Amino acid sequence: MRIGFAKGEPLKYISHLDLARTWERAFRRAGLPVAYSQGFNPRPRFQIAAALPVGVTGRAELLDVWLSEPVAPEEVGARLRPVLPSGLEVSTVEAVALRAPSLQAQMRAADYRAVVHSQEPVESLRGRVQTLLDAPTLLRQRHHKGQWQTYDLRPFVQTVAVAAGRGGESVIEMRLQASPQGAGRADEVLDVLGLSLIPHSVERTTLYLEFDK
Amino acid sequence: MNVEEILDLILPTVAKPARYTGGEWNSVVKDWEACDVRWALAFPDIYEIGMSNLGLAILYDILNCQPGVLAERVYAPWVDMEQALRAARLPLFGLQSRRSLAEFDVIGFSLPYEHLYTNLLNMLDLAGLPVLALGRDERHPLVIAGGGATYNPEPLADFVDAFALGDGEEVVLDITAAIREAKQAGSTRETLLRQLAEIPGVYVPRLYGVRYHADGTVAEVRPAVPRAPMPVRKRIVATLPPPITRPLVPYVDTIHNRAAIEIQRGCTRGCRFCHAGMVYRPLRERPVDEILDAVDAIVANTGFEEIALLSLSSSDYSQIETLVRELVSRHGAEGADSGPGHLSISLPSLRIESVSVNLMEQLQATGRRSSFTFAPEAATERLRGVINKPISNDDLLSVAEEVYNRGWKTVKLYFMIGHPSQTLDDVAAIVDLALEVRAVGRRALGRKAQVNVSVSTLVPKPHTPFQWVPLADEADVRAQQEYLKDHLRGPGLKLNWYNYQETLLEAVLSRGDRRLGAAIHRAWELGARFDGWSDQFKVEAWRQAFRKTGTEIGFYTWRPRSLDEVFPWDLIDVGVSKEYLARDYQASHRGETRLDCREQCYACGILTAFKEQRAGSPAEAWGCPPLGPS
């Protein structure tokens with residue numbers, strides 16, 4: 001069963017693992033028969049397409065869940081909606097073939113929309129975006145398993161565009177790679193643009209799977 | 001910027017920001033303006049620990065069920081969040097409304113252990129409130145504290161306006177009513193405090209004066225106003241109120257990320273070191289059917305995949321096997337007749353003598369096989385006679401064998417060092433016993449068998465038979481810990497031990513008096529907080545605070561106390577009489593044991609103190625015998 005959902009403001013600080021557990025418990029409250037993995041420590045079978053960074057909301061997230069008995073998609077949605085915490089909404093439910101490749105393996109890219117509360121003219125922001133796109137490499141530091149590593153952000157950035165928003169806000173839309181080979185982070189792009197310390201909100205608006213191409 | 005905007009800048013920079021955002025499933029949202037008594041329920045440790053505290057969850061439920069009353073939670077912000085809050089000048093806030101604690105009518109702190117005292121001061125300060133009770137007035141919330149550590153409230157007398165002692169379920173409503181009345185009447189804080197002092201179970205420290213002897217011991221504690229009771233007797237509920245069935249479901253992975261139901265309160269065993277075993281008397285059991293119905297509701301309302309059957313000694317619950325069998329058949333992995341199934345059941349405290357093979361097999365059926373924990377506390381039968389925990393090594397070994405045979409790989413053993421009359425032989429026996437358990441494990445599982453030994457140091461606690469016992473001194477404890485470290489190494493063995501300096505602080509605060517307030521205040525000013533966290537514990541701040549305030553550590557810890565000494569906590573009556581404690585302490589010198597007091601009443605004082613509650617309860621509901629004709 002593939003579920004399209006939105007993770008909103010109230011839940012944006014919940015980590016990926018915590019979100020997975022939130023789904024498991026919501027399914028239990030809904031009384032939906034989730035299938036368990038085999039083995040020594042059976043786990044309910046869930047898979048979320050791509051981890052959403054802490055602090056980012058998601059409008060079109062995807063979750064696969066395996067049920068142990070057939071339940072109509074409409075019923076899955078109807079039973080889930082009343083037991084979801086505020087900040088979690090189900091938009092679509094559809095049955096998918098059991099043999100379909102995993103969501104995580106199909107992930108290719110994602111769109112992010114950042115609203116930046118800066119008074120900076122859009123033109124000057126555009127200039128910095130162009131510099132970013134023109135750069136052959138964007139070396140960044142990241143903390144991984146207790147040590148700092150250098151990596152290149154540039155190959156993960158597919159497009160970045162700037163538009164004027166309401167009341168002096170700027171809207172930055174970007175498409176970043178998000179595949180099993182690696183994923184770009186929106187907050188890193190904002191940091192390169194010098195915007196990370198200005199109040200802003202980021203939403204992931206679209207996920208692109210392999211077959212969407 | 002408003003609070004939300006500030007938080008959006010702060011939260012991405014701190015660890016686990018969801019600690020500070022609330023909104024958990026089953027959290028209660030009430031209209032601020034429509035409520036006239038607003039409680040902030042404060043737990044002075046991090047979210048992950050505070051959310052696992054059942055006491056606070058019960059009060060949250062009770063208060064929010066009242067019309068016109070609102071209760072929000074607040075936990076101690078971790079050091080990164082504290083820094084961020086101070087930098088942004090954002091006051092510490094209630095999780096739901098995001099309003100400053102200063103806007104609430106009352107802040108109720110839960111204090112299960114002494115290491116939280118500096119965090120209490122810090123949370124008040126983070127809300128912009130004066131930390132000293134006398135520095136606060138009608139403009140400020142009332143500060144109330146309760147919980148296990150407050151049975152000796154004196155070290156916090158400078159900071160807390162009133163203490164609620166004993167079971168909180170009823171007294172919290174009495175306090176709410178008094179606050180409402182005072183608000184409506186426009187009473188002064190002084191009037192409100194005097195009214196609170198008349199509620200059974202409430203202690204208002206500023207209404208009492210303490211006189212000391214030249215040697216520093218207490219000469220007399222006397223109420224300064226006529227209507228303040230002396231002593232202050234703790235409150236109890238005659239029967240346990242219905243369990244909460246809509247507990248909060250956290251997003252963040254808390255230390256006990258599971259549902260919990262209290263199957264009984266109190267304990268009938270009488271281990272002489274055990275604070276909880278004395279102060280939570282009498283034993284009151286919850287009926288099996290009530291538990292089963294509640295678990296059905298909890299599972300449906302929360303989706304938790306684990307339930308803990310809480311009690312000071314779960315395996316002593318009279319119908320434990322029936323209960324677990326029925327839970328497994330209703331909610332186990334296979335054959336769940338209703339609900340999602342796959343519920344694992346945990347019994348956090350099992351006694352060696354009451355764990356049956358049957359019970360083990362049922363627990364095994366719930367599928368979880370992590371470890372099995374037992375607390376022999378002492379390794380020789382002689383010393384177990386002294387501490388009144390009479391189990392035999394043979395029983396322990398045969399239970400361990402059954403455990404390993406059923407596939408559990410790890411047995412955890414809890415011991416204490418520093419018991420009165422303990423010798424090096426008793427310490428060496430811990431090693432021997434751990435090795436024997438490992439040998440038993442290896443016969444069942446080969447080299448996969450694991451024994452984890454945890455050795456803490458006895459901290460003599462108020463209101464226990466060991467309240468007269470000196471704390472073991474540092475050189476001895478360190479030598480014993482070194483011995484254990486040298487001898488408990490090798491495959492399949494793991495040893496946990498505790499820093500003596502942390503034990504020492506707990507010991508000072510446990511049997512402290514109100515003069516310690518100055519040291520606590522100074523230590524907090526010097527940066528002490530999260531004293532229970534080894535990585536945060538600032539021993540130098542405490543040393544300096546004790547020095548600057550002229551606090552003699554030895555007076556509170558290593559000093560022998562005479563049987564007729566008046567203790568600072570004697571003004572709190574927990575129901576168990578001081579005469580009984582003294583008799584039991586003397587019995588410990590003779591190695592005399594007192595078995596389960598359900599079998600035979602030793603007249604600890606509870607039945608005298610709570611005669612009326614006993615008379616109003618069914619015979620089988622209490623561990624104490626029904627009252628005879630008088």
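## Chain A: burial and build

A residue is buried if 20 or more other C-beta atoms lie within 10 Å of its own, exposed if 12 or fewer, and partly exposed in between, with C-beta atoms placed from the backbone. Of the 213 residues of chain A, 30% count as buried. This is a predicted model: local features need pLDDT of at least 70, side-chain atom pairs count only at pLDDT 80 or more, and totals for chains, interfaces and linings use all residues. Residues are numbered from 1 along each chain as its sequence is written, while chains are lettered from A and ligands numbered from 1 in the order in which they are written.

Chain A has five helices and 11 strands. Helices (H or I, at least four residues) and strands (E, at least two) are DSSP runs, numbered from the N terminus. The C-alpha atoms fill a box of roughly 55 × 35 × 35 Å along the principal axes. Two residues are in contact if their C-beta atoms, placed from the backbone, lie within 7 Å. Among chain A contacts with a separation of 6 or more, 73% join residues 24 or more positions apart.

## Chain A: two domains

Chain A splits into domain 1 (2–100) and domain 2 (105–212). Such bounds come from an automatic or database domain assignment. The C-alpha centres of the two domains lie 27 Å apart. Domain 1 gives 11 residues to the contact and domain 2 gives 12. The domain 1 side holds seven nonpolar, two polar and two charged residues. Here Ala, Val, Leu, Ile, Met, Phe, Trp, Tyr, Cys and Pro count as nonpolar, Asp, Glu, Lys and Arg as charged, and the others, Gly among them, as polar.

## Chain B: domains 2 and 3

Chain B is assigned domain 1 (3–233), domain 2 (238–366 + 562–630) and domain 3 (369–511). The C-alpha centres of domains 2 and 3 of chain B lie 23 Å apart.

## Chain B: a helix pair

α10 (residues 320–331) of chain B packs on α11(B) at an angle of about 20 degrees, with axes 10 Å apart. Axes are lines fitted to C-alpha atoms, for helices over the stretch in contact, and angles run from 0 to 180 degrees between N-to-C directions. By class, their contact has six nonpolar, two polar and two charged residues.
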